[in-house]
Amino acid sequence: MALLPVAEALARILETAKTLETENVGLRDANGRTLAKSLDARVDNPPFDASAMDGYAVRADDTAKAPATLALIGESGAGHPFSGEVKKGETVRIFTGAALPTGTDAVVIQEDATASESGITIRETAKRGDNIRPAGQDFTKGRTLLESGQRLTGRDILLAAAAGHATLPVVRKPIVALLSTGDELVEPGTALGPGQIAASNSFGLAAVVEAAGGEARLLGIARDNHQSLAQFLESAEGADVLVTIGGASVGDHDLVRPALERAGAKLNFYKIAMRPGKPVFFGARTIGGKRQHCLGVPGNPVSSLICSRVFLVPLIGRLLGRDVPLDTIEAVLADPLPANGPREHYMRARLDLSTSPPQVAPFKNQDSGLITALRHADCMIVVRADSPPLAAGSPVKVLKLDI
Ligand code: AMP
Ligand code: MG
């Protein structure tokens with residue numbers, strides 16, 4: 001099988017993914033969730049003509065010949081509206097956020113008024129509407145405030161709450177099961193025996209899944225034998241996505257693909273033109289009556305994280321009904337790059353956004369065994385397959401490592 005270009009692999013993954021069901025959550029659980037339907041205002045904001053200042057509510061006409069002394073007949077405080085009607089020659093003490101009393105059409109700030117025995121003397125002529133926030137100035141009932149498919153932020157939630165919503169319709173979080181595979185793996189923190197290493201990937205990937213809006217489920221570590229793999233693959237029931245880590249090349253101990261196929265998966269592709277990340281595979285199976293996407297990422301920690309950024313994050317986005325383009329930015333190379341081979345190369349690098357255009361410096365050592373280099377990188381240069389050598393200053397595409 002020819003190596004599949006990255007863009008084609010991603011397109012094949014995304015075309016199989018449909019938006020998950022809608023559920024309602026309270027405002028306190030809405031942060032970071034994806035809105036499933038557009039949201040309309042249930043009320044006007046402000047719901048009533050409100051004072052924007054502390055001062056006196058007046059009929060503007062009464063102040064036409066300032067100074068003018070008006071009779072104080074009451075008070076309107078926030079949450080405590082004045083219930084009467086203000087007639088010619090009268091005024092009401094008013095505070096920020098309070099409803100404008102019937103009959104008045106302006107608020108004079110307290111700095112422009114003097115209280116005395118004879119009443120309130122307004123020193124400046126007021127214009128109709130002064131210091132008033134009219135009802136519906138911000139939004140009116142029925143207006144669409146938030147679009148479906150957007151990820152909710154604090155500002156969105158504030159707006160939804162102001163618009164009269166206590167719960168919001170959001171897309172259910174995709175459940176992403178993460179399965180480590182390998183006889184050499186032990187849980188992080190365990191004293192390492194001969195030949196053992198920590199199963200670090202699943203923890204990094206769980207964080208990536210959650211940042212992308214999914215719910216991560218760590219299945220544990222399957223051993224490199226058919227029985228163990230079969231058991232763990234069963235335990236992924238209920239997940240929308242199963243991510244297997246490692247065991248996917250063609251070595252004697254790379255049993256994951258055959259195990260998955262035995263567990264009912266149909267693979268769409270299993271080799272892509274990507275470096276790092278050649279042995280990525282993707283397919284689907286039905287388990288417990290439910291369709292499950294199956295993504296295989298390489299075991300190498302650097303590769304697993306980069307492949308998850310490129311394939312898993314967009315897949316989660318699509319299941320959430322969002323478009324998550326691989327939004328690369330343009331930068332120029334700080335150093336030259338050699339010609340690239342037949343696989344798109346995701347090179348660890350650091351981006352300097354203080355220059356225009358931004359400058360990107362690839363790391364000298366691109367060994368995918370260097371987890372510290374991955375940690376130090378803040379972006380990847382995406383060098384296209386079969387690229388000729390690139391001189392310093394050449395434009396390149398850069399994908400920020402926001403995970
Ligand atoms: P594999 O794809 O299974 O041949 O694994 C490639 C390399 O990644 C090997 O050095 C494995 O020990 C390592 N590896 C595999 N799975 C994990 C994991 N979950 N965490 C950390 N390293 C892993
Ligand atoms: Mg392995």
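Where is the place of N131? N131 sits in the loop between strand 9 (119–122) and strand 10 (132–133); helices (H or I, at least four residues) and strands (E, at least two) are DSSP runs, numbered from the N terminus. Before we walk on, a word about the model: it is predicted, so local features need pLDDT of at least 70, side-chain atom pairs count only at pLDDT 80 or more, and totals for chains, interfaces and linings use all residues. Residues are numbered from 1 along each chain as its sequence is written, chains are lettered from A and ligands numbered from 1 in the order in which they are written, and side-chain values use heavy atoms, with hydrogens and water left out.

The phi of N131 is near 55°, a positive value in a residue other than glycine. With 28% relative accessibility, N131 counts as partly exposed; buried means under 20% relative accessible area, exposed over 50%, and partly exposed in between (1.4 Å probe, protein chains only). D386 also has a positive phi, of about 60°, although it is not a glycine. You will find D386 in the loop between strand 25 (379–383) and strand 26 (395–400), and its relative accessible area of 53% makes it exposed.

Other loops hold cis peptide bonds. One joins N45 and P46, with omega about -10°, and P46 has its place in the loop between strand 2 (39–40) and strand 3 (50–51). Another joins S356 and P357, where omega is about -5°; P357 lies in the loop between strand 23 and strand 24 (359–362). Strand 23 (residues 344–352) contains R348, which counts as buried at 3% relative accessibility. The C-alpha atoms of R348 and P362 are separated by 6.1 Å, with the two residues 14 apart along the chain.

Now let us visit helix 6. Its 19 residues (residues 301–319) should span 27 Å at 1.5 Å a residue, and the end C-alpha atoms are 25 Å apart, which agrees; the expected span is 1.5 Å times one less than the number of residues. Helix 6 bends by about 45° at S308, the bend being the angle between axes fitted to the seven residues ending there and the seven starting there. Of its 19 residues, 17 are buried, so helix 6 is mostly covered. At its start, a side-chain oxygen of N300 reaches to within 3.0 Å of the backbone nitrogen of V302. After helix 6 comes G321, whose phi is positive, near 80°.

N300 leads us to ligand 1, where it is among the closest of 16 surrounding residues, together with E184, S200, G247 and G299; a residue counts as near if one of its heavy atoms lies within 4 Å. By class, this shell has six nonpolar, eight polar and two charged residues. An oxygen atom of ligand 1 is 2.4 Å from an N or O atom in the side chain of E184. Another contact places a backbone N or O atom of G247 2.7 Å from an oxygen atom of ligand 1. A polar side-chain atom of S180 lies 3.1 Å from a nitrogen atom of ligand 1. On its own, ligand 1 has 480 Å² of accessible area, and the protein covers 75% of that. The elements giving two or more residues to the shell around ligand 1 are strand 13 (175–181) and strand 15 (197–198).

Note on methods
Polar contact = N/O pair within 3.5 Å; in protein donor to acceptor, adjacent residues only side chain to side chain. Areas by Shrake-Rupley, 256 points an atom, 1.4 Å probe, with all protein chains shown as cover. Nonpolar A, V, L, I, M, F, W, Y, C, P; charged D, E, K, R; others polar.
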